[in-house]
Amino acid sequence: MNSEELYKKAMELESKGEHKSAISTYKEIINKSNDPRHFIAFGVCLQKCGHWQQSIEVLEKGIALKPHYCEGDARLLLAKALFKSGKKGLAIKQWQHVSKMQPEYPSYESVQNEAKKMLAQNA
């Protein structure tokens with residue numbers, strides 16, 4: 001299977017609640033792919049399983065690959081993982097960064113608003 005077929009399979013497994021199988025499939029994908037979507041989706045799956053540190057590593061790689069859209073969403077996910085891992089200062093830096101980003105599709109201002117809310121609650 002190519003990476004797109006594996007990506008669809010991983011999302012399907014995840015939607016069925018088969019997170020362990022989805023994680024294995026995402027691991028296979030990221031060994032073949034440099035698509036930021038794959039890394040970000042893998043980070044979300046890891047968070048659903050409470051694997052916060054692993055999620056940080058995967059999301060950082062996805063963000064470093066310069067996603068065409070959803071960077072703000074990915075950074076919010078990264079901030080959540082950092083916060084849950086006890087790295088509050090790094091989470092605050094991500095929220096600050098996101099709060100200053102330009103709104104973009106598909107989330108528009110909701111990403112910046114969420115970052116500002118998290119800063120107000122935690123900074």
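The axes of helix α3 (residues 36-48) and helix α5 (residues 71-84) come within 11 Å and cross at roughly 35 degrees. Axes here are lines fitted to C-alpha atoms, for helices over the stretch in contact, with angles from 0 to 180 degrees between N-to-C directions. This is a predicted model: local features need pLDDT of at least 70, side-chain atom pairs count only at pLDDT 80 or more, and totals for chains, interfaces and linings use all residues. Residues are numbered from 1 along each chain as its sequence is written, and side-chain values use heavy atoms, without hydrogens or water.

**Where α3 meets α5**
- Ile 40, Val 44 and Gln 47 of α3 touch Ala 74, Leu 77, Lys 80 and Ala 81 of α5 (contact means heavy atoms within 4.5 Å).

**Leu 6**
- Leu 6 sits in helix α1 (residues 3-15).
- Leu 6 counts as buried because its relative accessibility is 3%; buried means under 20% relative accessible area, exposed over 50%, and partly exposed in between (1.4 Å probe, protein chains only).
- Beyond neighbours within four places in sequence, Leu 6 contacts Met 1, Thr 25, Glu 28, Ile 29 and Lys 32.

**The whole chain**
- The protein chain has 7 helices and 0 strands (DSSP runs, numbered from the N terminus: helices are H or I, at least four residues; strands are E, at least two).
- Of its 123 residues, 44% count as buried.
- Its C-alpha atoms fill a box of roughly 45 × 30 × 25 Å along the principal axes.
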